[in-house]
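Hi,

Here is the structure I promised to pass on. Have a look at it first, and then read my notes below.

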Amino acid sequence: MSIEIKKALKKIRKKIDNSTKTCMIPGCKLPSINSHILQKNGIISSISRDRYVYELTETDIFKVQSHQLGYEARLIGINKAFSFPLFCNPHDTNVFKTIEVDNPDFHNYISFILLSYRALCTEIRRKLDSKKENELILADPVIKPIISEDHKNLITVFLDGCNRGIKHLEALKDLLEIEKTLGNQERFYFQVYEYELIPICVYALFTPGEPQQIASKPIGELPTIFIHILPFNSRSFILVGCLRTHLNQIIKEYIESWKNLNKEQLNKMANDLIVARVETWCCSPDAFEKIPPETLIKYKKYVKHNAFNHSIEQNINFNLFSDI
Ligand SMILES: [Zn+2]
């Protein structure tokens, strides 16, 4: 990739990062702030070292080599971890009040709804940014004249998928919105499993399925799993669930596969989750720095070759956390 293209890509990224985003609560026109929901009540801090954790962040375009990922795990201050411009200040403070208390109740239905709502808004924001970025790439005066037809087609296919993904997530957002506002409608199914502390924090969602299935199923019928791993008071709470109408046998088995695990099984489940399914995770520095370099190489290779693999069955033959 030439310096000119890298410069143009960096400029586009900066433009998106610096643009003002609007609050994602329906009807609100106020600008969103960088909110830090999981820091305020000691969740991320319980796996931090000197208030730092490892988080998956985008690699600087000037440092990307052909064999590298577009993402890398980097040491980051906990005030910056999981920080996205999602909501305006008043909504950020008021909507999530019940999970920002000193002793949040993770078994409560509304806690699951609020965590899932925020994870979903994060995913929508990431997809909107990615869509905008690729649209700007296609229109950029430096890139446009030299981009190959193949590359252009790839971006077009990616944008189609992105639009479909955003529609699917927006529909789920509407349903979470109703649950959040009315409470106890119980449209969603979830389970909570409690374990001794494991060194990662996740709040995320993923839509498993074979590519053809994902492309052909009507929006609304794609089953999406919400999963949150929350370290708190020397324990890890795993909240995992989905919309009740998405609860087929495969999804139910996946949710229940988090039940009654010994330490080794739990570490492997956490490994498979962050390797194959979700990008919004952070890890304690003590645990991350124990990962052998050869395992990190296996991880990078796996992610690079499986970026579009959303299959529920994945064969991952290494474990980032086997030494903890
Ligand atoms: Zn607002």
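First, the housekeeping. It's a predicted model, so local features need pLDDT of at least 70 and side-chain atom pairs count only at pLDDT 80 or more, while totals for chains, interfaces and linings use all residues. Residues are numbered from 1 along each chain as its sequence is written.

On to the domains. The protein chain is assigned domain 1 (3-181) and domain 2 (188-305); these bounds come from an automatic or database domain assignment. Their C-alpha centres are 18 Å apart. Across the boundary, 36 residues of domain 1 are in contact with 33 residues of domain 2 (contact meaning C-beta atoms, placed from the backbone, within 7 Å).

Which elements supply at least two residues each of the side of domain 1 that touches domain 2? They are strand E2 (52-58), strand E3 (71-77), helix H4 (109-139) and helix H5 (149-182). Helices (H or I, at least four residues) and strands (E, at least two) are DSSP runs here, numbered from the N terminus. H4 gives the largest share of that side, with eight residues. Sorted by class, the side of domain 1 that touches domain 2 has 23 nonpolar, seven polar and six charged residues. For the classes, Ala, Val, Leu, Ile, Met, Phe, Trp, Tyr, Cys and Pro count as nonpolar, Asp, Glu, Lys and Arg as charged, and the others, Gly among them, as polar.

Now for a residue in H4: Leu120 sits in that helix. Leu120 counts as buried because it has 23 C-beta neighbours inside 10 Å. The cut-offs are 20 or more other C-beta atoms within 10 Å of a residue's own for buried, 12 or fewer for exposed, and partly exposed in between, with C-beta atoms placed from the backbone. Leaving out residues up to four places away in sequence, Leu120 touches Leu169, Leu172, Lys173, Leu176 and Leu205.

Finally, the backbone angles. Glu186, in the loop between H5 and strand E5 (188-196), has phi near 55°, a positive value in a residue other than glycine. Glu186 is exposed, as 11 other C-beta atoms lie within 10 Å. Ser234 also has a positive phi without being glycine, near 65°, and is found in the loop between strand E7 (225-232) and strand E8 (235-243). With 8 other C-beta atoms within 10 Å, Ser234 is exposed.

Cheers

Key:
Two residues are in contact if their C-beta atoms, placed from the backbone, lie within 7 Å.
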